[in-house]
Amino acid sequence: MNALARDPRPADLPTVLFVDDDAGNRQAFQAAFRHHMRALLAADLPEAWIKLASNTVHVVIADQRMPRTPGSELLAMVKERYPKVRRMLVTAYADLEAIIDAVNNGGVTKYFAKPWVSDQLVLAVTQAFAELKAEEEREAYTERLLESN
């Protein structure tokens, strides 16, 4: 039984993986967004891989400044393994080069400065989730058309 089956919240909430090496930031994210999304938390890339492998994740939000693996690099790797997952970057620093790298190589769709504005983040995740659902519906419709022909 996977973690999704045990979650009592509606299935129409997006599942977001928040990756940040700072435990306080992870706790703040969980507290701020627990009513708007199913929040999974990881401190680093190895933890992120475990969460991605064992859950259906719709959006990954990574902090840029982390030891070992910066957020832009982590998101580029997520793009390779999980191309449908939407990717977003958050950072407390105006690191333009990292942002450009994240957009160009990690396929990042949104960038947020810390401290994040909750409404903006919720809106971005909601939009990304809606886009994913629409893509899934188009793919299913196309598959049904192909099968019927």
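Which residues in H3 meet which residues in H4? Everything here comes from a predicted model, where local features need pLDDT of at least 70, side-chain atom pairs count only at pLDDT 80 or more, and totals for chains, interfaces and linings use all residues. Residues are numbered from 1 along each chain as its sequence is written, and side-chain values use heavy atoms, with hydrogens and water left out.

**View A. Where H3 meets H4.** Leu45, Trp49 and Leu52 are the H3 side of the meeting, and Leu74, Met77, Val78 and Arg81 are the H4 side (contact means heavy atoms within 4.5 Å). Helices here are DSSP runs of H or I with at least four residues, strands are E runs of at least two, and both are numbered from the N terminus. The H3 and H4 axes come within 11 Å and cross at roughly 30°; axes are lines fitted to C-alpha atoms, for helices over the stretch in contact, with angles from 0 to 180 degrees between N-to-C directions. That makes H3 roughly parallel to H4, a label for angles under 35 degrees.

**View B. H4 alongside H5.** These two axes come within 9 Å and cross at roughly 5°, so H4 is roughly parallel to H5. H4 brings Ser72, Leu75, Ala76 and Lys79 to the contact, while H5 brings Ala98, Asp101, Ala102, Asn105 and Gly106.

**View C. The largest nonpolar core.** This core has 20 residues, and Leu17, Val19, Val60 and Leu74 have the most contacts inside it. A nonpolar core is a set of buried Ala, Val, Leu, Ile, Met, Phe, Trp, Tyr and Cys residues joined through side-chain atoms within 4.5 Å; buried means under 20% relative accessible area (1.4 Å probe, protein chains only). Two or more residues each come from strands E1 (15–19), E2 (38–42) and E3 (59–63), and from helices H3 (45–54), H4 (71–81) and H5. H3 gives the largest share, four residues.

View D. A second, separate core of 17 residues includes Phe29, Val59, Phe112 and Val125.

**View E. Ile99 in H5.** Ile99 sits in helix H5 (residues 96–106) and is buried, with a relative accessible area of 16%. Beyond its neighbours within four places in sequence, Ile99 is in contact with Leu89 and Tyr111.

Note on methods. Buried means under 20% relative accessible area, exposed over 50%, partly exposed in between (1.4 Å probe, protein chains only). Angles under 35 degrees count as roughly parallel, over 145 as roughly antiparallel, 65 to 115 as roughly perpendicular and the rest as oblique.
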